[in-house]
Amino acid sequence: MSTAAVSTPKASALHHKVLRNIASNWVGYGINMAVSFLLSPLLVHRLGDVAYGIWAIAVQLGAYMGVLDFGVRVAVTRFLTQFHERGETRKINETLTTALALLGGLGLFCAAVAIPLSWWMPLHMRVAATMLVPARISIFLIGISVAVAFPGALYTGALAALSRYDLINLRSAISAVSRGLLLWFLLAHGYGLLSVAVATVVLTVLAYTVEF
């Protein structure tokens with residue numbers, strides 16, 4: 001059998017995988033953008049200016065905390081790809097174990113940092129006394145959500161190493177739609193900032209628990 005005949009199925013499979021990943025990326029981005037576009041005005045309208053402002057700051061604070069992984073998740077994806085191609089199962093397990101320990105430690109650090117931040121931030125924002133408790137709980141819950149996301153992201157990193165962005169985007173789309181529907185239900189029935197924060201952290205924990 002010629003080399004060209006052998007390589008053709010491989011090239012076809014690679015081409016199919018690339019197209020599948022590109023298509024799933026576009027669909028995934030589209031779904032996430034649509035959910036955000038539809039949900040944002042609902043949050044502003046139902047929560048009010050003050051509560052929505054607190055929520056927006058809490059979410060941004062969580063985003064800043066998310067950079068504390070120092071590239072560990074990216075490095076995990078790179079090494080898993082390399083070891084998978086070589087068939088080195090033992091090194092794959094070692095990489096995942098080491099990364100889980102590092103990211104788990106960073107998650108615990110974020111959870112610990114969220115405690116003083118949740119106390120100090122509302123005072124710095126000069127939140128009204130009636131909103132202090134909801135603001136503090138919301139910021140703390142966002143910190144917990146970020147803490148869970150650190151070790152939980154290993155699943156996504158492993159899928160990226162296998163070039164299964166279709167599964168990554170499917171997971172992201174399901175999470176976005178589930179979150180959007182749940183928040184819409186809560187806000188439509190008169191629930192406020194705390195319900196949004198609790199729903200967000202519960203869905204985050206559930207998503208990563210199901211993956212593991």
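Entry one, helix α2. I looked up which residues of α2 are buried in this predicted model, and found Val 72, Val 76, Thr 77, Leu 80 and Phe 83. Looking down the axis of α2, I see that these buried residues fall within an arc of 140 degrees, so they line one face of the helix. I recalled that an α-helix has 3.6 residues a turn, so residues three or four places apart point the same way. I then asked which helices the buried residues of α2 pack against, and the partners turned out to be α3 (89–124) and α4 (132–161). On the other side of α2 I noted Val 74, Glu 85 and Arg 86, which are exposed.

I checked that the helix runs over residues 72–86, which makes 15 residues, and that the distance from its first C-alpha to its last is 21 Å, close to the 21 Å expected at 1.5 Å a residue. Just after α2 I came to Gly 87, which takes a positive phi of about 70 degrees.

Leaving aside residues up to four places away in sequence, I listed what Asn 21 touches, namely Ser 163, Arg 164, Tyr 165, Asp 166 and Asn 169. With Ser 163 there is also a polar contact, side chain to side chain, at 3.1 Å.

Note on methods: Residues are numbered from 1 along each chain as its sequence is written. This is a predicted model: local features need pLDDT of at least 70, side-chain atom pairs count only at pLDDT 80 or more; totals for chains, interfaces and linings use all residues. Side-chain values use heavy atoms; hydrogens and water are left out. A polar contact is a pair of N or O atoms within 3.5 Å; within protein, one must be able to donate a hydrogen and the other to accept it, and residues adjacent in sequence count only if both atoms are side-chain atoms. Contact means heavy atoms within 4.5 Å. Helices (H or I, at least four residues) and strands (E, at least two) are DSSP runs, numbered from the N terminus. The expected span of a helix is 1.5 Å times one less than its number of residues. Buried means under 20% relative accessible area, exposed over 50%, partly exposed in between (1.4 Å probe, protein chains only). The arc is that of the directions from the helix axis to the C-beta atoms.
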